[in-house]
Amino acid sequence: MKIHKRTRLILLDRQEIWQLYQTRLWKVAHFAERFQVSRPTIYDVLKRARLQEFVPRNSTNQRFKTLQYGL
């Protein structure tokens with residue numbers, strides 16, 4: 001698994017956030033402060049964790065895949 005050089009939360013961090021969130025003792029602001037990311041980032045992690053998706057996604061731009069080179 002390749003991780004982008006600017007990835008702020010690794011797989012273990014995402015799993016830890018999800019496990020602690022399920023205990024209902026932590027708030028999103030606490031996660032943001034502890035892992036030094038923004039609250040929207042934590043909300044994205046929680047949204048993906050509900051789907052059991054912890055690994056980073058491939059960032060591919062569909063628009064450029066459809067362009068033909070050398071027109």
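What covers the buried residues of α2? The points below lead to the reply.

1. This is a predicted model, in which local features need pLDDT of at least 70 and side-chain atom pairs count only at pLDDT 80 or more, while totals for chains, interfaces and linings use all residues. Residues are numbered from 1 along each chain as its sequence is written, and side-chain values use heavy atoms, with hydrogens and water left out.

2. Two aromatic pairs occur in the structure. Rings of Phe, Tyr and Trp (its six-membered ring) pair if their centres lie within 6.5 Å; planes under 30 degrees apart count as stacked, over 60 as edge-to-face and the rest as tilted. The W18 and Y21 ring centres are 6.2 Å apart with planes at 25°, so this pair is stacked.

3. Both W18 and Y21 belong to helix α1 (residues 11-22), where three residues, about one turn of the helix, separate them. Helices (H or I, at least four residues) are DSSP runs, numbered from the N terminus. W18 is buried at 14% relative accessible area, whereas Y21, at 21%, is partly exposed. Buried means under 20% relative accessible area, exposed over 50%, and partly exposed in between (1.4 Å probe, protein chains only).

4. W26 and F31 are also stacked, at 5.3 Å centre to centre and 15° between the planes. W26 is partly exposed at 29% relative accessibility; F31 is buried at 0%.

5. The buried residues of helix α2 (residues 28-35) include V28, F31, A32 and F35. What covers the buried residues of α2 includes α1 and α3 (39-50). Just after α2, Q36 has a positive phi of about 55°.

Notes. Helices (H or I, at least four residues) and strands (E, at least two) are DSSP runs, numbered from the N terminus. Contact means heavy atoms within 4.5 Å.
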